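Here is a friendly note to read alongside the model. Take the points in order, and keep the 3D view open as you go.

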Amino acid sequence: MTPGVALVTADVELDVLGIGYDTLPTETREAIVAAHPRPDFKRRILHAFHAGLAHRPRATLGNAKADVLDRSEDHYTRPNFARIIEDSPWPE
């Protein structure tokens with residue numbers, strides 16, 4: 001992954017999924033939310049993803065490796081992208 005792609009990926013993971021949230025000081029998180037409020041963000045972004053995919057369901061084919069584990073491992077739980085967004089620690 002190039003540095004630019006890595007930076008954008010990390011930003012999206014932090015903003016949308018909350019990955020790395022706990023690594024930011026509380027004051028930094030509060031300043032971010034004050035500068036960029038997130039009213040109803042989780043519901044709105046999930047709606048946007050749905051709107052972009054509903055008309056082309058074949059585009060939702062996920063990671064084939066997850067399919068293998070789902071089929072072969074009794075205790076494997078496939079990560080749920082929508083649940084990760086909903087459970088993000090970012091306040092609304």
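Predicted model: local features only at pLDDT ≥ 70, side-chain atom pairs only at ≥ 80, totals over all residues.

**Notes on the model**

1. Let us start with one side chain. Phe49 is partly exposed, with a relative accessible area of 35%.

2. Which residue forms an aromatic pair with Phe49? The partner is Phe81, and the pair is edge-to-face, with 5.2 Å from centre to centre and 75° between the planes. This pair links distant parts of the chain, since Phe49 belongs to helix α3 and Phe81 to helix α5, 32 residues apart. Phe81 also counts as partly exposed, at 43% relative accessibility.

3. There are two aromatic pairs in total. In the other one, the ring centres of Tyr21 and Trp90 are 4.8 Å apart and the planes stand at 80°. An angle over 60 degrees counts as edge-to-face, so this pair gets that name. If you wonder how such pairs are described in general, the distance of the centres and the angle of the planes are what is used.

4. Where do Tyr21 and Trp90 sit along the chain? Tyr21 is in the loop between α1 (3-17) and α2 (26-35), while Trp90 is in the segment after α5, so their pairing ties together parts 69 residues apart in sequence. Tyr21 is buried, with a relative accessible area of 12%. Trp90 is buried too, at 4%.

5. Now step back to the whole protein. How many helices and strands does it have? The count is five helices and zero strands, and from the N terminus the order reads α-α-α-α-α. The radius of gyration is 16 Å, well over the 12 Å that the globule rule gives for 92 residues, so the protein is more spread out than a compact globule. Its C-alpha trace spans about 45 × 30 × 30 Å along the principal axes. Of the 92 residues, 16% are buried.

6. Next, have a look at the largest pocket, which has a volume of about 410 Å³. Its lining includes Phe49 and Phe81, the two rings from point 2, along with Leu46, Leu53, Asn63 and Arg78. Two elements give two or more residues to this lining, namely α3 (41-53) and α5 (81-86). The largest share, three residues, comes from α3. Sorted by class, the lining has seven nonpolar, four polar and one charged residues.

7. Leu53 is placed in helix α3 and counts as partly exposed, at 30% relative accessibility. From Asn63 to Val8 the distance is 20 Å, C-alpha to C-alpha, and the two are 55 residues apart in sequence.

8. What sits over the ring of Phe41? The charged end of Arg38 does, 4.2 Å from the ring centre. Asp40 is in the loop between α2 and α3 and has a phi near 55°, a positive value in a residue other than glycine. Most residues other than glycine have a negative phi. Asp40 counts as partly exposed, at 34% relative accessibility.

Key
Residues numbered from 1 in each chain as written. Heavy atoms only, no water. 1 Å grid on protein atoms, 1.4 Å probe; cavity = no way out; pocket = protein on both sides within 12 Å on 5 of 7 lines; lining within 4 Å. Points joined across faces, edges and corners; volume = space filled by probe spheres on them. Helix = DSSP H or I, 4+ residues; strand = E, 2+ residues; numbered from the N terminus. Nonpolar A, V, L, I, M, F, W, Y, C, P; charged D, E, K, R; others polar. Phe/Tyr/Trp six-rings, centres within 6.5 Å; stacked < 30°, edge-to-face > 60°. Buried < 20%, exposed > 50% of the residue type's maximum accessible area, 1.4 Å probe, protein only. Lys NZ or Arg CZ within 6 Å of the ring centre and 35° of its normal. Rg over C-alpha atoms; globule rule 2.2 N^0.38 Å.
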